Amino acid sequence: MRIFATYNIKGGVGKTAAAVNLSHLAARDGHRVLLWDLDPQGAASFLFRIKPRVKGGGKALIRGTRSVGAAIKGTDYDGLDLLPADFTYRNLDLLLDSAKRPERRLASLLTPLKAEYDVIFLDCPPSISLLSESVLHAAGLLLVPLIPTTLSVRTLDQLTEFVAGFAGHRPDVLAFFSMIDRRKRLHTSIAAELPVARSDFASTAIGALSVIEQMSVHRAPVTAFAPRSVAARQYGELWQEASARAGLTG
Amino acid sequence: MASSTRDFVLEHSTPAALKAGSDVLTVVVDSASLNGDLSWANGAPARTWRRSWLDTFDWRLYRAGLTLEQIAGRDGAELLLTGRDGEVLATQRLTGSGTPWPALVSRLPAGPLRELIEPVAGIRALAPVARATSRVTELRALNADAKTVARLAVDRMAVTFPARAAALPRLTLTPVRGYGRLTDRVGRAVAGVAGVAASRGTALEAALAVTGRRAGELPGKAAAVELSAPMPAARALAAILTAQLDSLEANVPGTVRDIDTEFLHDLRIAVRWTRSALKLCGSVLPAGIAGEFRPQFRWLGDLTTPTRDLDVYLLEFDAMAAGLIGAAVSDLAPFRDYLERSRAAEYRKLSRGLRSSRFARLTADWRAALAGVRGTRKGPTVAQLAAERIATAQRKALRTGQRITAASPPTSLHDLRKRCKELRYLVEMFGPLHDPAQRWQAVRELKALQDCLGAFQDAEVQRTEIRMLANRMLADRTVPAETLLAMGEVAAGLAGRQHAARAEFDSRFAAFAGPASQARLASLGRAGAA
């Protein structure tokens, strides 16, 4: 089982769009995939038309009084399931704080799903917190969407440094540029230079494309409702890079 | 991601709209009103699948509650393993258009599916038990968010094997995970459509039913022969022997095609039963029948023995090789090659024999002779015959065993083995006359002794044979010294097994000869005799 997490301290950078489209592509490749929408805003759940509600809320899941498996819903796509968001996830930090070894809690919750899924995606809320630390410990590959600015590259360096300080398991980090506006010179120059200079950058970048915004109208992955679009092609190439990096494909 | 499906069929009393030629899905959409926030939408485009259901000849998967299906469509072929409630247990993609069947499970690609069926199928090959072409169209049930909560597939199945026939359209409702309660609502709406009924069987059972067959049916099961105590013995024996002939004939094609080793094994069991029945009870048949057919069945038994002996060697080869201490497993490779070549030569003789006019004449004459006996009203009843023959066989087995001492030669144990076999055949043959619990316990106790005698005798035979094979291989000048040394080690291992079985014999026989076991057998001998 490979665990991917889409993570960034900032919001509105394309984490959920990436998690939704990449998980759909992974399922289309024949993998058994679960996407956990950890963001209390529930955007990924909304995009799959699934109510952002878990019986017993985040408390029941973190304390183990309700199994993770019982809360899972099937999406409309073969091989792709979703663990929905719940508004109580806003308190996950507090719940984790009262758990034993909080930074390992998420990983241990996912362990029973090993036989059932080949790939798990964690779509994280924007923050740096005990929850994000627990996600970083569980994930094998962190996918970090970045808007190409100097400041966001600095944030990536801080994240990489933070992860390097972990004892034991450290996730691999793969950043990619997201929401690139081709009309902005700064965007195009940073997006062209950094992937060549740094190995923790994917060579694929995702554009600021209106078809991605239309996901909330169609309530479906771009890769499903517009499979021939530029955005679908870009997510396809990003998935190739991410899955190869995680050892899923050659 | 396992989910249980709910199956429905369109009964003979189909809705009027269908009789007028409407599509099944249109009728369901029009008639199965999904109240409130649920609605229907079209599903995936219609697909055509070629389906083959696979099982062993003796239905091992079906009896274990498993259904294995090869589904081939435009996107390639896959194997699908489902459980009793239709839940998917494992799938396996196949290359090309699928595996050529019949095939042993070991020929399937490694993976969870093979791991699940290997212990169930064992050494038996998988072969198609039914084939069909399915044209599947699909509806989706949606909730208020236009989210799919269940899928309803309509399967129009044309069965192509074991015979050509069209099955009733079959509706399968599959819940999307986490939407069980909504699926129940959809299910109730579908069940409410006139002419739709919940299906009680699987698609395989439906495919077989329209061709007049039933899953799990075994030809020639002696326990299935109906016997009643007052029945004339000759008629009962003819019924038992006809069932054995059915079993024998059912295993001929699989033996001739060499599908797996167990066809020959089961064929030999039918021959042994027949020979024993003729020897032990043949006197109740009209004069001349036993005398005419006993030598014929001896010929058939002898025809099958060399191939079976070599099969046993080859089946046990890996275990034998694993027991080597001094020699390397590879040292035995020439021995294995020799066994395989010998087996191929013996199998050719066997196959010729089973395709010969002598064999065809034997089975046809035997069936006709048995049919002639079935009207017999004279002679002792089957209960009297069973009581007398079981009591005699029990006495003989006991006496033969009691004469065995530490100094007795291996042949004396072999004699006892034969007497025990005869007793076992009689207990099983007349089984329907007896209390099942008493019979089960008696067979269990007898089997414990037979296992010990079998282990002793098999080791004795294999030791003798390995010596003979070594001599033959030496004469052929094909055998390296390492192989002979390894074969010597195998022979030593067999001697060890034989000594262990001999050491166990006294306690096993004492248990068999004890008052509880003997009283149980005696009660079978008395049952119904009055």
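B:Pro102 sits in the loop of chain B that runs between strand 6 (88-94) and strand 7 (103-104). I start there for its backbone. The peptide bond from B:Trp101 to B:Pro102 is cis, and its omega is near 0°. One caution before I go on: this is a predicted model.

Next, a cis bond at another proline. Which residue does a cis peptide bond join to B:Pro162? That residue is B:Phe161, and omega there is about 10°. As for location, B:Pro162 is in the loop between strand 9 (148-161) and strand 10 (165-166) of chain B.

Why flag these bonds? Most peptide bonds are trans, and most residues other than glycine have a negative phi. That second point takes us to phi.

Take B:Ala146. Its phi is near 60°, which is positive, and the residue is not a glycine. Look for B:Ala146 in the chain B loop between strand 8 (125-142) and strand 9. Is B:Ala146 buried or exposed? Count the neighbours. There are 12 other C-beta atoms within 10 Å. The cut-off for exposed is 12 or fewer. B:Ala146 therefore counts as exposed.

Now chain A. A:Arg219 is not a glycine either, yet its phi is positive, at about 50°. This arginine, A:Arg219, lies in a loop of chain A, with helix 10 (215-218) on one side and helix 11 (222-225) on the other. Here the count for A:Arg219 is 16 other C-beta atoms within 10 Å. Buried needs 20 or more, and exposed needs 12 or fewer. A:Arg219 falls in between, so it is partly exposed.

Let me step back to chain B as a whole. What does it contain? The count is 17 helices and 12 strands. The C-alpha trace of chain B spans about 90 × 65 × 50 Å along its principal axes. Chain B has 530 residues, and 34% of them count as buried. On contact order, take the chain B contacts with a separation of 6 or more. Residues 24 or more positions apart account for 71% of those.

Last, the interface. How many residues of chain A are in contact with chain B? Nine, and they meet eight residues of chain B.

To recap the backbone: cis bonds at B:Pro102 and B:Pro162, positive phi at B:Ala146 and A:Arg219.

Terms used:
Residues are numbered from 1 along each chain as its sequence is written. Chains are lettered from A and ligands numbered from 1 in the order in which they are written. This is a predicted model: local features need pLDDT of at least 70, side-chain atom pairs count only at pLDDT 80 or more; totals for chains, interfaces and linings use all residues. Two residues are in contact if their C-beta atoms, placed from the backbone, lie within 7 Å. Helices (H or I, at least four residues) and strands (E, at least two) are DSSP runs, numbered from the N terminus.
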